[in-house]
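Biologist: Thanks for sitting down with me. Could we put the model on the screen and go through it question by question?

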Amino acid sequence: MSKAAQKHGGSSAPPGQDDDICPVCKSARYLNPNMRFLVNPTCYHKMCESCVDRIFSQGPAPCPVAGCGRTLRKQRFRRQTFEDLQIEREVDIRRRVSTIFNRREEEFLDLRNWNDYLENVETLTFNLLYNIEVPETEAKLAAYAAQNSDSISRNAALASAEHDSTEAAFAAQKQAARVRREESLREDEEDRQDRLREDREAQERIAQGSTAKVTLKKSTARRKDGAKGAASSGNAGPSAAPAFEIQGLKPVAAPEPTKAYDPFGGLRIRSEYFAQQRSCEHPWLDKAKNDPAIVTGGYDVREYCARAMVEAFAGMGVFVDDEVGTGGGQAAATERAAIAAGTDNRTEDVL
Amino acid sequence: MAVSPMITYEQQSDPSPSDTKQLPLRTTSVSSLQDAAIAATQQAQDFAERLNEETRSKYVKDKKLGEGTYAIVYLGHLSRDPSSLVAIKKIKINTEFRDGLSMDAIREVKYLQELSHPNIIALDAVFSSKNQNLNLVLEYLPLGDLEMLIRDTNGIQYGTAEVKAWMGMLGRAVWFCHENFVLHRDIKPNNLLIGADGEVKLADFGLARSFSDPYRPMTCQVITRWYRPPELLMGARFYSGAVDVWSVGMVFAELILRSPFVPGSTDVHQLEMICEGVGTPAETNWPGVTSLPGYVSFDKRSLGARDRNYFVSRFGTAGPIGVDLLMSMLALDPRKRCTARQVLEHKWWSVEPQPTDKQDLPKKGGGMEKMGEDLKRRGGEVDDSRSERVARKLDFGAR
């Protein structure tokens, strides 16, 4: 753009005219056509690339512009995006604020709260932009960032995921359009080929002296068939691509932080009325403990003892009235079923 | 069942004179009591019928999902809420048990109504319809079963985290059964149904029974052959929860391999395959095995128990600790096999990767037809489509 401005001459000086002289070394574009200007987002003073190299290559140095003197680093110099440096600065500040204040509307209960939040953020941004109470504002920003680091990173992840998905959807759309275009091109080409072939065939038939009427009929019929085929293939093209895109879906809320996996599913079965001993002594059980015919298959008397104990204490501490009163529903029913089953077993024992 | 040793029965002593004096009075009271009892039973019968009618009217049968030799499965819903779906399993009157209920139905009702756990299929209600047909109202699980996911090697991809999630749910179900002294005796991927939220639920309690009393033999003709442990193949009549743990281990192996680990075609072939795949049972690794009634010697190809390197080479994707767990579940000697509780206490659950959340698990729309297929089966039966050779008839009679 500046080159174009140069060609126009000085008569109608465009706003970029000053830019062609570096405010630090005063070298002009006339002498150095490849001159590029860089700014540092600390003070937004403009200088040419060679000045940056010269002054800041040895490490951080004060800004050479008279009256500024802020310490700048070479790494942070970059090309400006907007012609107006004021806008450049505002964009930088807004970007920085929005990475910290990245709450989303769906996180708020109602619109009123959301708007209040937006207004607060805007006040902060305004203060930073116009240098009002900067230290206080910076402190607020830092405090907020420290307190809400979790939600900030979560929302950032969400935003980047959304960005990715829109990108992907866009790419898919483009791909589908390309496929459709190619499909239609191919169809046109096929149509053209068909027509050429038919013409050629008709000419050959006429040359051979066969009846023109029949060939004409045949060719129209074939053309119809061909058209039908083309139509069906044309239908297949778009239907293979996704029919329509659903955009602007409400994103799924970030999942709760997961707890450590419990293989037992949070269920513990332990009796408060008895403790199972390692072995249960009874002469009747001795054979079952030692007989190879019983033990080899894996039969374990301790399981029987555990069951006997559980059944002996089944229903202890269960007060049906209480459970009915509180509507213990399913649990109570299961308990009762268990008791009923237990009594059944006992009657069988007796029989 | 055997008489429990914990209960001592005192001999009835002769009635003392004071008792004899009161005898006439007592008899009258007894007879009046009997009358009252008869009246009460009649009333109870009416009450039972009313209750049954009440339960039956609570549900509406919609359409047939599947029909087998043993049961017909219907899709149904609560009559007051058409959106709440249930599966109604109507048990056919069996030719063998014309005068009563079949063993499968009794077992299923008896154990399912006792067990209430998120990983065990819920039995909501039982009622009888006309012709005294038994109807079980079961939880509706629309997403097919685990076998479908294992077999769809092209459509479904999963990794260790998913295997861990499924195994965790299966482990909890089996542990809960054993904590309540119920042996399932037919654990296989086919019987692990998947709920709408991805939760795996153990179903088909047609072969279940409670833990046996001492000296009370159980049948060894249970558990579908590919998942049957060596002690049952060798005819052991006294066994414990270890038989279910072996089946769980087989499901674990199948989840990793995506094909059955030891698919034997006959009982002897099954033992042979176990010898090859897991190890040959011998006195050294399983004391007393030679005395089992069905012991078959495989000395020619005797390998002893397979060592850890072999398991790592086949099941390396589960990670070294996962291989340890698998090996402890597939120990030949049932006494050395870990219990269902020890399975859940294993440190494999705490190492990376963490199990996938159930809603993120791979799904395959099995649909209602698949649930119909699964429920109509009888315990121990396999789908004909899978392999006709493994279908067999069960012998429930105590030998």
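Biologist: Which helix of chain A holds both A:Glu311 and A:Arg307?
Modeller: Keep in mind that this is a predicted model. A:Glu311 and A:Arg307 form a salt bridge, with the closest N and O atoms 3.1 Å apart. The two residues are about one helical turn from each other because they sit four residues apart in one helix, and that helix is α10 (residues 301-313).

Biologist: Which residue pairs with A:Arg302 in a salt bridge?
Modeller: As a general point, side chains of opposite charge can pair when their charged atoms come close. A:Arg302 is partly exposed, at a relative accessible area of 44%. The closest N and O atoms of the pair are 3.1 Å apart, and the partner is A:Asp300.

Biologist: And what is the N to O distance between A:Asp262 and A:Arg268?
Modeller: A:Asp262 is partly exposed, with 26% relative accessible area, while A:Arg268 is exposed at 53%. Their side chains meet in a salt bridge, which requires a distance within 4 Å. Here the N to O value is 3.6 Å.

Biologist: How many salt bridges does the whole structure hold?
Modeller: Some of them join up: A:Arg78, A:Glu88, A:Asp92 and A:Arg95 are linked in a network. A search over all chains gives a total of 36.

Biologist: Let's turn to the cysteines. How many disulfides are there over all chains?
Modeller: Take A:Cys305, which is buried at 6% relative accessibility. The closest cysteine sulfur to its own is in A:Cys280, 3.9 Å away, which is too far for a bond because a disulfide needs the sulfur atoms within 2.5 Å. Over all chains, the number of disulfides is zero.

Biologist: Moving to chain B, why do the residues of the UniProt "binding site" gather at one spot?
Modeller: The feature comes from an unreviewed UniProt entry, and its positions include B:Leu65, B:Gly68, B:Ala71, B:Lys89 and B:Lys90. They span 26 residues in sequence, yet they gather at one spot because no two of their C-alpha atoms are more than 13.9 Å apart.

Biologist: Which strand holds B:Ala71?
Modeller: B:Ala71 is buried, at 0% relative accessibility. Beyond its sequence neighbours, B:Ala71 touches residues including B:Gly66, B:Lys89, B:Lys90 and B:Lys376. B:Ala71 belongs to strand β2 (residues 71-78) of chain B.

Biologist: What about B:Lys90, is that residue buried or exposed?
Modeller: B:Lys90 lies in strand β3 (residues 81-91) of chain B. Among its contacts beyond four places in sequence are B:Tyr70, B:Ala71, B:Ile72 and B:Asn133. Its relative accessible area is 18%, and the cut-off is under 20%, so B:Lys90 is buried.

Biologist: One last stop: how far apart in space are B:Pro142 and B:Gly198?
Modeller: B:Pro142 lies in the loop between β5 (133-139) and α3 (146-151) of chain B, and counts as buried at 17% relative accessibility. B:Pro142 and B:Gly198 are 56 residues apart in sequence, and C-alpha to C-alpha their distance in space is 9.8 Å.

Note on methods
Residues numbered from 1 in each chain as written. Chains lettered and ligands numbered in written order. Predicted model: local features only at pLDDT ≥ 70, side-chain atom pairs only at ≥ 80, totals over all residues. Heavy atoms only, no water. Buried < 20%, exposed > 50% of the residue type's maximum accessible area, 1.4 Å probe, protein only. UniProt positions renumbered as here; feature names shortened; annotations may be inferred. Contact = heavy atoms within 4.5 Å.
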